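Here is a short report on a two-chain model. Start with the structure itself, then read on.

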Amino acid sequence: MTETSDHEHLHQYDPGHEHPLQADQDDSITYFKAMEAAVRNLLIEKKLITAEQIREKIEQMDARVPANGAKIIAKSWVDLEFKRKLLANPRKAIEEFGHDIGPLHLIVLENTEKVHNVVVCTLCSCYPRWILGLPPDWYKSREYRSRVVREPREVLQEFGTNISLDREVRVHDSTADMRYLVLPMRPKGSEGMTEDELVPLIGRDAMIGVTEVKV
Amino acid sequence: MPQFTVGEKVRVLSQWPPSPPIHCRTPYYIRGCSGVIERYCGDFANPEELAFGRVDPINLSLYRVRFKQLDLWKSYQGGISDMIDIEIYENWLEKI
């Protein structure tokens, strides 16, 4: 079928050729959904927390986006004293941005001409959610988790990232209580740019370490 | 107090606890492998107990251990200096 005829038939009523409905994703109660609802309702009934507090928390979690991390990276590129603090004591440096990273510990991994860092959690999906938001689906996939530890350069190539053999590729497996943020190299050609101009260049994937930042 | 110091050579125990019910944070691929302590991360609750709602009163020291990729995978195709850093609890490490 050509594109044209496919397009045209969308505008014609054809009772013998109806499109299937998109399946709803929330129409079944699974074991964990039932458990979540039961625990939530118990906590509310016992007045330990309120429905409003739960809603607020979800709203706060959904407000976390990779742009928060990009602002931290951009500042470290233009303010060397901030970069020094970010590498030495990430928690304190990030608190200046108003991000509470909770009980977990953050390690900032600096990419250099000699080392390229890339982060994975082979056991599950550990990720610095307070600053980057929710992890991408591929980060949680079995394929990424199993392959990036044993053939990181091939995986990076599939993301369009070629690291020369004389540069070390250092994989970080986030197996326990640490969380990781990659500090990418400032790209060539960005020398005259301001902090605000740099922020949109810095994507989520560069802060995981599967890409490098480009102008 | 951490038992190991930065730069010390260690081996990950080659233990294969029966499962389930077990929860541990030491990936299969690294068991039995040798590396070097990269840093001491602090003391944390034992995840093997925590996963079942039990809190061991004694926290475990956690380290980041650095391994050479060429030591882990026979067919590794990358650079000779490529590394992998993994967080491992002290109860899974032994001196070489």
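## Strands E2 and E3 of chain A

Val118(A) has Val171(A) as its bridge partner in E3(A). The model is predicted. Six bridges join E2(A) to E3(A). The two strands run parallel.

How many residues of E2(A) are buried? Five of the six are. E2(A) is therefore largely enclosed by the rest of the structure.

## A sheet across both chains

An open sheet of seven strands draws on both chains. Its order is E2(A)-E3(A)-E4(B)-E3(B)-E2(B)-E1(B)-E5(B). The pairing is mixed. From one strand to the next, the twist averages 35 degrees.

Which strands stand at the edges? They are E2 (115-120) of chain A and E5 (93-95) of chain B. Each has a single partner strand, so one side of each is left without a neighbour in the sheet. Strands of a sheet pair through backbone hydrogen bonds, either parallel or antiparallel.

At the chain B end, E5(B) pairs with strand E1 (residues 9-12) of chain B. Three bridges join them, and they run antiparallel. One pair of bridge partners is Arg11(B) and Glu94(B), the latter in E5(B).

## Where the chains meet

The contact takes 19 residues from chain A and 20 residues from chain B. On the chain A side, helix H10 (152-158) and strand E3 (168-173) each supply at least two residues. E3(A) gives the most, with six residues. By class, this side of chain A has eight nonpolar, four polar and seven charged residues.

E3(A) also pairs with strand E4 (residues 83-89) of chain B. The sense is parallel, over four bridges. Within that pairing, His172(A) has Asp85(B) in E4(B) as its bridge partner.

## Asp85(B): buried or exposed?

Asp85(B) is found in strand E4 of chain B. It has 25 C-beta neighbours inside 10 Å, and the cut-off for buried is 20 or more, so Asp85(B) counts as buried.

Its contacts reach into both chains. Leaving aside neighbours within four places in sequence, Asp85(B) touches Arg170(A) and His172(A) in chain A. In chain B it is in contact with Glu38(B), Arg64(B) and Arg66(B). Glu38(B) lies 47 residues from Asp85(B) along the chain. Their C-alpha atoms are separated by 7.8 Å.

## Chain B as a whole

Chain B has two helices and five strands. Along the sequence they follow the pattern β-β-α-β-α-β-β. The C-alpha atoms fill a box of roughly 45 × 30 × 20 Å along the principal axes. Of the 96 residues in chain B, 27% are buried. Take the contacts in chain B between residues at least 6 apart in sequence: 57% of them join residues at least 24 apart.

Tyr40(B) sits in strand E2 (residues 34-44) of chain B. It has 17 other C-beta atoms within 10 Å, so Tyr40(B) is partly exposed. Beyond its neighbours within four places in sequence, Tyr40(B) is in contact with Pro2(B), Ser61(B) and Tyr63(B). Tyr40(B) and Phe67(B) are 27 residues apart in sequence. In space they are 15 Å apart, C-alpha to C-alpha.

## Chain A: domains and a helix

Chain A is divided into domain 1 (18-63) and domain 2 (66-208). Taken over C-alpha atoms, 31 Å separate the centres of the two domains.

Helix H4 (residues 66-78) of chain A has 13 residues. From its first C-alpha to its last it reaches 19 Å. That is close to the 18 Å expected at 1.5 Å a residue. Its buried residues are Gly69(A), Ala70(A), Ile72(A), Ile73(A), Ala74(A), Ser76(A) and Trp77(A). An α-helix has 3.6 residues a turn, so residues three or four places apart point the same way. The buried residues of H4(A) pack against several elements of chain A, among them helix H5 (80-88), helix H6 (90-95) and strand E4 (178-183). Helix H7 (129-132), helix H11 (195-198) and helix H12 (204-208) are also packed against.

## A loop residue with positive phi

Lys47(A) lies in the loop between helix H2 (31-45) and helix H3 (51-62) of chain A. Its phi is near 60 degrees, a positive value in a residue other than glycine. Lys47(A) has 7 other C-beta atoms within 10 Å, so it is exposed.

Conventions: Residues numbered from 1 in each chain as written. Chains lettered and ligands numbered in written order. Predicted model: local features only at pLDDT ≥ 70, side-chain atom pairs only at ≥ 80, totals over all residues. Contact = placed C-beta atoms within 7 Å. Nonpolar A, V, L, I, M, F, W, Y, C, P; charged D, E, K, R; others polar. Pairing = 2+ DSSP bridges. Expected span 1.5 Å × (residues − 1). Buried ≥ 20, exposed ≤ 12 C-beta atoms within 10 Å, placed from the backbone. Axes fitted to C-alpha atoms, helices over the stretch in contact; angles between N-to-C directions. Domains from an automatic or database assignment.
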